[in-house]
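Here is a friendly briefing to read beside the model. Please keep the sequence and the 3D view open as you go.

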Amino acid sequence: MSSVSSLRRVLLLGSGYTSAPLVEWLTRDGTVSVTVASNIPEQADRVAAPFKNTSTAEVDVTSDASLSSLIPGHNLVISYVPFTLHPLVARQCIAHKVDLVTASYVSPELQELDGPAKEVGVTLLNEIGLDPGIDHMLAMQCIDEVHDKGGKVLSFDLLCGGLPAPECADNPLKYKFSWSPKGVLLGTMHPATYLKDGKLVEVPRGGDILSTAQDVSLFPDLPLEFFPNRDSVKYREVYQIPEASTIVRSTLRYRGFCGIAQGLLRLGLLGDAHVQRLQPDSAPLRWRDLLAILISQSDVRTPDLRSSVLETVGGDQNVLTAIEGLGLLTDAPAPLRGTPIDTLCAHLQERLQYQPGERDAIFMRETFTIQWPNRTKEQRWIDLVEYGNPDGYTAMARCVGLPTAIAARLILDGNVKEKGIVRPTIPSLYNPILRTLRDEGVHLQSGISRLVN
């Protein structure tokens with residue numbers, strides 16, 4: 001990174017769990033100041049307080065006036081607000097000619113701003129976290145090397161999951177939440193498309209991807225499973241591998257997660273429609289009565305609720321045991337939030353938190369099948385295995401916050417010339433970011449094995 005004597009100003013929108021490592025890294029050498037802006041002032045204060053050259057501000061990201069009062073005077077904006085709000089932020093950045101960085105996928109609404117951003121010379125860098133982010137950079141570094149040497153990438157597979165460390169996966173779902181569970185649960189409901197041996201595979205919306213889960217044993221003593229993650233086909237173009245006949249991006253979970261999530265879906269607990277009986281101002285409702293209502297579709301009690309639940313989840317005794325272990329068949333009051341999924345999320349966020357002394361983990365593997373000009377083939381793999389520090393940052397916070405911070409610094413230093421919508425799939429981004437991540441202790445390993453035709 002080049003040294004710049006004048007203080008550059010970064011506006012960080014959002015003060016969530018990935019913010020602290022980002023602020024720490026950006027302010028470390030004293031050449032960058034960060035304004036942490038949030039709609040929760042006390043949270044912004046907690047993020048900014050430990051670090052030099054920081055200040056805080058209150059912001060309403062849905063208000064153009066609020067954004068317009070903050071963006072001018074900053075050299076760059078980093079948006080950690082929900083991805084649906086990024087187009088609002090991007091429009092204001094374009095209006096004030098200030099570059100923007102996010103860790104989120106490029107939505108169609110954001111893509112529409114590519115032209116306007118290019119017209120005024122603004123960079124809108126996205127997908128620079130973990131997944132998406134580090135996955136893109138590792139993939140493109142390998143793919144570009146293969147193409148430069150005349151090779152072809154015949155297949156690309158990605159497996160990635162943020163999970164509790166194995167010793168902390170001590171609940172029926174084998175998952176814990178450091179933020180809202182809703183995104184995790186909704187991720188099991190999205191449709192998915194991918195290429196497998198030249199054939200397009202489409203999995204409809206509504207939880208069908210859970211039934212496609214497969215076991216995998218990539219890392220020693222880790223019983224894992226995976227399911228496809230949204231649209232993998234578009235990465236044939238993003239990664240510039242038209243020769244590839246297999247492209248699959250998948251989510252990792254501990255074995256058993258998908259079966260339990262299917263059970264929650266069948267019970268109606270992942271429904272997002274408003275239910276009158278679940279409105280916050282309704283009379284208190286026990287969890288066992290809530291399940292009875294969802295199963296019977298009426299406000300009546302089921303005589304043998306346990307048997308009804310077992311029948312509803314397809315007779316799977318393991319799922320029934322998990323439902324009981326999650327406290328969903330008890331007399332405990334349900335935290336009424338209007339919809340079944342929001343009510344469940346409020347319960348899980350309270351029940352499945354990381355406790356003091358516990359740590360999270362990230363497991364990622366990318367696998368490539370490569371054919372060289374002499375027709376020989378090889379398989380390459382790249383692993384990212386990262387554990388959180390119980391006394392410091394989580395693995396997820398580091399692996400999202402650090403790439404975002406490093407990319408922001410590259411833009412501030414004038415090392416990113418591209419304008420409009422940008423992903424970290426170009427050498428001027430992925431090479432210095434991956435090098436710096438290794439310097440920061442992020443654990444990346446790779447290997448090669450020859451394949452026999």
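Contact here means heavy atoms within 4.5 Å. This is a predicted model, where local features need pLDDT of at least 70 and side-chain atom pairs count only at pLDDT 80 or more, while totals for chains, interfaces and linings use all residues. Residues are numbered from 1 along each chain as its sequence is written, and side-chain values use heavy atoms, with hydrogens and water left out.

**Two loop residues**

- Asparagine 229 sits in the loop between β11 (224–228) and α9 (235–238); helices (H or I, at least four residues) and strands (E, at least two) are DSSP runs, numbered from the N terminus.
- Setting aside neighbours within four places in sequence, asparagine 229 is in contact with Tyr105, Asp131, Arg249, Ser250 and Thr251.
- Asparagine 229 has a relative accessible area of 15%, so it counts as buried (buried is under 20% relative accessible area, exposed over 50%, partly exposed in between, with a 1.4 Å probe and protein chains only).
- Glutamate 358 belongs to the loop between α14 (340–351) and β13 (360–371), and its relative accessible area of 18% makes it buried.
- A polar atom of the glutamate 358 side chain lies 2.9 Å from the backbone nitrogen of glutamine 355.
- Beyond its neighbours within four places in sequence, glutamate 358 is in contact with Cys168, Asp170, Lys176, Gln353 and Pro390.

**Helices**

- The axes of α10 (residues 257–266) and α13 (residues 317–325) come within 9 Å and cross at roughly 75°; axes are lines fitted to C-alpha atoms, for helices over the stretch in contact, and angles run from 0 to 180 degrees between N-to-C directions.
- Gly259, Ile260, Gly263 and Leu264 of α10 meet Val319, Ala322 and Ile323 of α13.
- The residues of this contact divide into five nonpolar, two polar and no charged; Ala, Val, Leu, Ile, Met, Phe, Trp, Tyr, Cys and Pro count as nonpolar, Asp, Glu, Lys and Arg as charged, and the others, Gly among them, as polar.
- In helix α4 (residues 86–96), the buried residues include His86, Pro87, Val89 and Ala90.
- Just after α4, lysine 97 takes a positive phi of about 55°.

**Salt bridges**

- Side chains of opposite charge can pair when their charged atoms come close.
- A salt bridge is a side-chain nitrogen of Lys or Arg within 4 Å of a carboxyl oxygen of Asp or Glu, and by this rule the count comes to 23.
- Arginine 8 and aspartate 413 meet in one of them (3.2 Å, N to O).
- This pair links distant parts of the chain, 405 residues apart: arginine 8 is in strand β1 (residues 8–13), and aspartate 413 is in the loop between α15 (395–412) and β15 (420–422).
- Both arginine 8 and aspartate 413 are buried.
- Arg8 and Asp413 also belong to a network of salt bridges with Asp29 and Arg409.
- Glutamate 145 and arginine 380 form a salt bridge too (3.2 Å, N to O).
- Glutamate 145 is in helix α7 (residues 134–148) and arginine 380 in strand β14 (residues 377–387), so the pair ties together parts that are 235 residues apart in sequence.
- Glutamate 145 is partly exposed at 29% relative accessible area, whereas arginine 380 is buried at 12%.
- Aspartate 331 pairs with arginine 286 in a salt bridge, their closest N and O atoms being 2.8 Å apart.
- Aspartate 331 lies in the loop between α13 and α14, and arginine 286 in the loop between α10 and α11 (287–296), 45 residues apart.
- Arginine 286 counts as partly exposed, at 26% relative accessibility.

Note on methods. A polar contact is a pair of N or O atoms within 3.5 Å; within protein, one must be able to donate a hydrogen and the other to accept it, and residues adjacent in sequence count only if both atoms are side-chain atoms.
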